[in-house]
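This report goes through the chains one after another, from their contacts with each other to the sheets and helices inside them. Please keep the structure in view while reading.

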Amino acid sequence: MIRKLILTIVSLAFLLAGCAPARTATPAPTQPLPTPSQPLPTPVPTATPISLTDGLKRAVSLPAPAQRIVSLAPSNTEILFAIGGGSQVVGRDSFSDYPAEAKSVADIGGSTGNYNTEAIVALHPDLILAGEINPPELVASLQQLGLTVYFLPNPSGLDGLYANLRTVGLLTGHSAQAAALVSSLQARVAAVDAKVAAAASHPSVYYELDATDPTKPYTAGPGTFVDLLIARAGGTNFGAQLKEQWAQISLEQLVVGNPSIVILGDSAYGVTPASFASRPALDQLAAVKANQVYPFDDNLVSRPGPRLVDGLEALAKLIHPELFK
Amino acid sequence: MLRIEDLTVAYGARRVLHAVSLEVEAGQVVALIGPNGSGKSTLVRAVSGVLPVLGGRVRTNGDDLLSLPPVQRARHLAVVPQAVSLPPAFSVWETVLMGRTPYLNFLGQVSLRDEEIARQALQKVEALELADRRVGELSGGEQQRVLLARALAQSTPILLLDEPTSNLDMHYQISFMETVRALAHQEHLAVLIALHDLNLAARYADRVALLQEGELKACGTPRQVLTAELISSAYHLPVQVVPHPFADTPLVLPEDRSV
Amino acid sequence: MSHRFLPYLWTSLFLLVAIVLSVAIGSVFIPLLSQLRLLADWLMRRPLPDSLQTFASIISAIRLPRTALVLLTGAALGGSGAADQGLFRNPLADPYLIGVASGAGLGAVLAMSLNWPYSFWGLMAVPLAAFCAALATVFVVYSLARLGKTVPTTNLILAGVAFGSFASALTSYLMLRSTGDLHRAIAWMLGGASQAGWSPVLAVLPFLAIGLGILVLSGHSLNLMQYGDDQAQQLGLHVTRARTVILVAASLTTAAAVSFSGIIGFIGLIVPHVMRLWFGADYRRLLPLSILSGAGALLLADVLARTLLAPQELPVGIITALAGAPFFLWVLRRTKNQGYW
C-alpha cells in the first residue's frame, strides 16, 4: 500500500508538472517576454505625466500615456478601441467581444468571477482599466502587486459617459480622438433629440432583461441605462414605476400595464417574439397584437461605452419608426 | 465502600427513584433486581454521576461522590455498561487503556505503569490474547469482558455494573459472574450489579436489593429477598421459590399464568 | 516504535509535494531551471537577474501568499472536519454541519450588498462579516440546542440544520435581489482565494493557530466521546466542558477558513475519512494527520483549479467536489478494513 502511495503521489506530481506548459495565457511561452525597452507599435506620444483620481477615489498617476493596457470589463475594451487605443490593449477579460479585433487580444479570465492575476502580471501592463463589474478585492490585489489600476465608474448619464471617454483618452494619449468621438456622439444624440421632440406620443415600452421564469420576468427599473435611453428615445419605460433597478414583475402586472412596445433584451438567451407571444395571456397585449415585439442586442444598452448611442438610435427607431424613415 | 443515602431522581415531573438508601461493603457483591422500569439502570447512572439528582447523597469513606468533578469521581467509581454500540474501530488494548483516563493528563499520555495495570486488568478477565483485536470483531461475551477490564483498569474500590449479562449466552453469563465475584472478594471491591436474571443474583450475590417502581422494597441476603411473596408482587407473576438442587441458594421458578 | 511516525511522515511528504507544486505551477509557465535559479539566488542573497524579475514577482507576490492561504484553509477544513466527525459521532459530519457555512454566506452576501469605501477596512468588510456571521451562527445554534447544563449532540445537529436552512433561504433571496453582485456572491460561495497578498494569511493565522492548536490537543477527549456521553463521563471526562471547548475551537477554525476562501466542500468531509481508513480511528493521530493532508489536498485542488482551464480559474470548490467524491469512493472500495469507523 505504501509503495502504491509513493507511486501515486510521484506520478501525480509529474502529471501536473507536465500539464503546465500547455496552459499558458502568454502568447508564446518560448519567446522571451517583451521588455519595455523594445519598440512599441503605436506612435510615441509626448511623455507628460498624468495624475487623476479614479472612481474609487484613488490617486492614479502615469509617467506617460499607457502603452500596455489590460481591460477588465467589456465596456472598457469597447471604449479603448473606439478612441483609437486598440493596439495598446495587451489583455482583456473573457466577456470582451466587441469589436472583433478585441477577441484576438490575450484573455486573462473573468468568466467564473476569478481573474488570472499571474497572466496579468506576465503581460507587464502599465495600466489596468477596471470597471464596476470588478470586485474591489481585485483592484486591491492588483495594486498590491505593484500594478497601476484605474477604476472607471459607471456613468449616471450620457454626460458621465463623455467624461469617461475623455478620461480614457487622456490615459492612453488619444485625447484628440476621444474629443472627436464625444463630439460625434453628441451630434448623433442631438439628432435623435430633435426628431423625438416632434413625437406626438411617448408609447410605453416594456424592456425585458431576463425571463428564465417566464411568469416572473425581470425588467429595467428607474435609474438604469435602459430607463434613461428609452426616455431619451421618446418612450416611457414600463419599469420606471417600479422600485428596484433589476425589477421583477408578474405576468398579471404586464397584462394590466399593457405596454405598446415590447423589446426583448434577452434575445441572446433564445427569447423570440414568437416565444414571448406564446406565454399565457400575453397574446392580448397591445404590443403583440400590433406586432411590435422586437428582439434586441442587450449589449447596446447595458455596457457603459460608446455603443450606448447606438443603442439609443436603435431604440428610437423601434419606438418611433415614423420619425426615422 | 459505597453508601447511597435517600437518593431521589426525577425525569421532569416524574419521579423515578424515591429516597433509595443502600449500602455496599467492600468485598461484597450486591445485586440490584426488579422489573423493567423499576429504576435499576437509573440508579446505576445516578450513582455514577451522569444523571442529575433531586435529593440525597452518594458517599464513600467520607467523600460525597456527586459533588466531585468527574475526574475525581472516576477514581472512586467505575462503571461496566452493557456492551452495545461500542466504537468498533478501537482495539481492545486501546479500549482498556481508556480506563486509565482519571490518572492521565488531558493529552491522554500513557506511562509504563498505566500499561502494566491495563495488562493486568486484561489478564484478570482472561482476555489478554484479544489485546490486538478490534472491538468490532469480538463477540458479545468478549466485548463485555473487555468493558470489565476497562473498569478494572480504572483501579477503583467501587464497581457498578448495569445489566452486563443481559445479552450474553449461558456460558458467558456464568463465566462473567464468576469473574466478578472472584474479583470482588479478592480485591475487596464494593460491587453493585443490576441484574435481570434472578437466579444469577441468587447464586453470585452476597446481598440482593429489590427495586419496584423506584422504591427499595427489600434488601438482604438472597434467601431473605427472593421469596415468593416479594417476587410475585414485584414482577406481577406468580412464582415459586425452591431450594437449589446443588447450590446453597434459592431458585426462583416462574409459574404459568394460567395456573 | 518507529512505525508510529510513518503516517506523519507520509502526510508531511504529501503536503511538501503539494506546496512545491502550488508554487511551481500556475497559468504562466515558469521553467523548472528558472525556479531553481531563483531559489538559489534567494538562498544565497544574490540580486536577481532582470530577465527573471517577472517570474520572481509572480512567485513571491502571487503564488507564495496564495499557497500559504490555501494551505491554511485546507488545514482548517481537515482539522475541523475530523473534530466535528468525532464530536457528533457521525460519518456525515463536516465543518459546516451546524450551519456555519450558511451563516457565513449570509454575512458575506449582506456585506456585498453594501458599498464600502475603498480602504483597508472597506476591503475587509466582506471577510469580517462572514467571520462574525459564522461565529454568531454557532452561538445561536449552541444556545438553541442547550438543555439545562448539557448540550446533546442531536439537538446541535437539528438546530444547526434548521438555522442553516433559514440562513440559506435568506441568502438566496438576497442574491436574487442583487444585480451586479450576483456573480461575485456566487464566486464567493463556490470557494476560492479571492484576495491576493499576505493580509488574508496574517488575518487568518491567529485564529487558526489557536483553533487548530486546541483541536490537536483534544484527541483523547474525542476518543472518549466515541463511547457516548455516559461512558465518557464515567471514565472521568467533563463532557459538556470538553464538547464546548472543541466546538468553539472547530467553529473558530472554520469561520476563519471560510471568511476569505468561501465555502469549499468535501475537504472537511472526506480527508478525515481517508485518514481513518489508512491510519486508524485514534483521534490523537487523526487530527494532526487530517490537518496535514487537508492542507495538501486543497493545495492540489487549487493547482488544478488554476491550470485545468487556464486562463480561466475555476472555483476550487468545484474541483474538490468533482475530484473528492470519486477519490473517496475508490479508497473505500480498496480498503479491506471492516468497521474502520
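The angles given below run from 0 to 180 degrees between N-to-C directions, and each helix axis is a line fitted to C-alpha atoms over the stretch in contact. The model shown here is predicted.

## How the chains meet

Of the 2 pairs of chains in contact, chains A and C share the most contacts. Chain A and chain B, by comparison, are joined by no contact, and their closest C-alpha atoms lie 20 Å apart.

The contact between them takes 12 residues from domain 1 of chain A and 8 residues from domain 2 of chain A.

Which elements give two or more residues to the side of domain 1 of chain A that touches domain 2 of chain A? They are α2 (74-82) and α5 (158-172) of chain A, and the largest share, 5 residues, comes from α2(A). The residues on this side of domain 1 of chain A divide into 8 nonpolar, 3 polar and 1 charged.

## The parallel sheet of chain A

Strands of a sheet pair through backbone hydrogen bonds, either parallel or antiparallel. In chain A, 5 strands form an open sheet with parallel pairing, in the order β5-β4-β3-β6-β7. The edge strands are β5 (106-107) and β7 (149-152) of chain A, each of which pairs on one side only.

Within this sheet, strand β3 (residues 69-71) of chain A and strand β4 (residues 89-92) of chain A pair in the parallel sense over 3 bridges, and S71(A) has R92(A) in β4(A) as its bridge partner. Helix α4 (residues 136-144) of chain A lies across β6 (127-131) and β7 of chain A, and runs at about 160 degrees to β7(A).

## The antiparallel sheet of chain B

Chain B has an open sheet of 4 strands in the order β2-β1-β4-β5, and here the pairing is antiparallel. Because β2 (14-24) and β5 (63-64) of chain B stand at the edges with a single partner strand each, one side of each is left without a neighbour in the sheet.

Strand β1 (residues 2-11) of chain B pairs with β2(B) in the antiparallel sense over 7 bridges, and in β2(B) the bridge partner of L7(B) is V20(B). Helix α1 (residues 40-47) of chain B packs on the sheet, where this helix touches β1, β2 and β4 (55-60) of chain B, and its direction makes about 70 degrees with that of β2(B).

## Helix packing in chain C

Two packed helices are described by the angle between their axes and the distance between the axes. For helix α4 (residues 100-112) of chain C and α5(C), the axes come within 7 Å and cross at roughly 145 degrees, in a right-handed crossing. The residues that meet include G103(C), A104(C) and G107(C) in α4(C), and A129(C), A133(C) and T137(C) in α5(C); by class, this contact divides into 16 nonpolar, 3 polar and no charged residues.

Helix α5 (residues 120-145) of chain C also packs with helix α11 (residues 239-261) of chain C, at an angle of about 150 degrees and with their axes 8 Å apart. Angles over 145 degrees count as roughly antiparallel, and α5(C) and α11(C) are therefore roughly antiparallel to each other. Their crossing is right-handed, and among the residues that meet are F131(C) and Y142(C) in α5(C), and L247(C) and F260(C) in α11(C). This contact of α5(C) with α11(C) has 12 nonpolar, 3 polar and no charged residues.

A further pair is formed by helix α1 (residues 6-24) of chain C and helix α13 (residues 283-307) of chain C, whose axes come within 8 Å and cross at roughly 25 degrees. These two helices, α1(C) and α13(C), are therefore roughly parallel to each other, and their crossing is left-handed. The contact of α1(C) with α13(C) is made by residues including F14(C) and L15(C) of α1(C), and R285(C) and D302(C) of α13(C), and by class it has 12 nonpolar, 5 polar and 2 charged residues.

Note on methods: Residues are numbered from 1 along each chain as its sequence is written. Chains are lettered from A and ligands numbered from 1 in the order in which they are written. This is a predicted model: local features need pLDDT of at least 70, side-chain atom pairs count only at pLDDT 80 or more; totals for chains, interfaces and linings use all residues. Two strands pair if DSSP finds at least two bridges between them. Two residues are in contact if their C-beta atoms, placed from the backbone, lie within 7 Å. Ala, Val, Leu, Ile, Met, Phe, Trp, Tyr, Cys and Pro count as nonpolar, Asp, Glu, Lys and Arg as charged, and the others, Gly among them, as polar. Angles under 35 degrees count as roughly parallel, over 145 as roughly antiparallel, 65 to 115 as roughly perpendicular and the rest as oblique. A crossing is left-handed if the near helix is turned anticlockwise from the far one by less than a right angle, and right-handed if clockwise.
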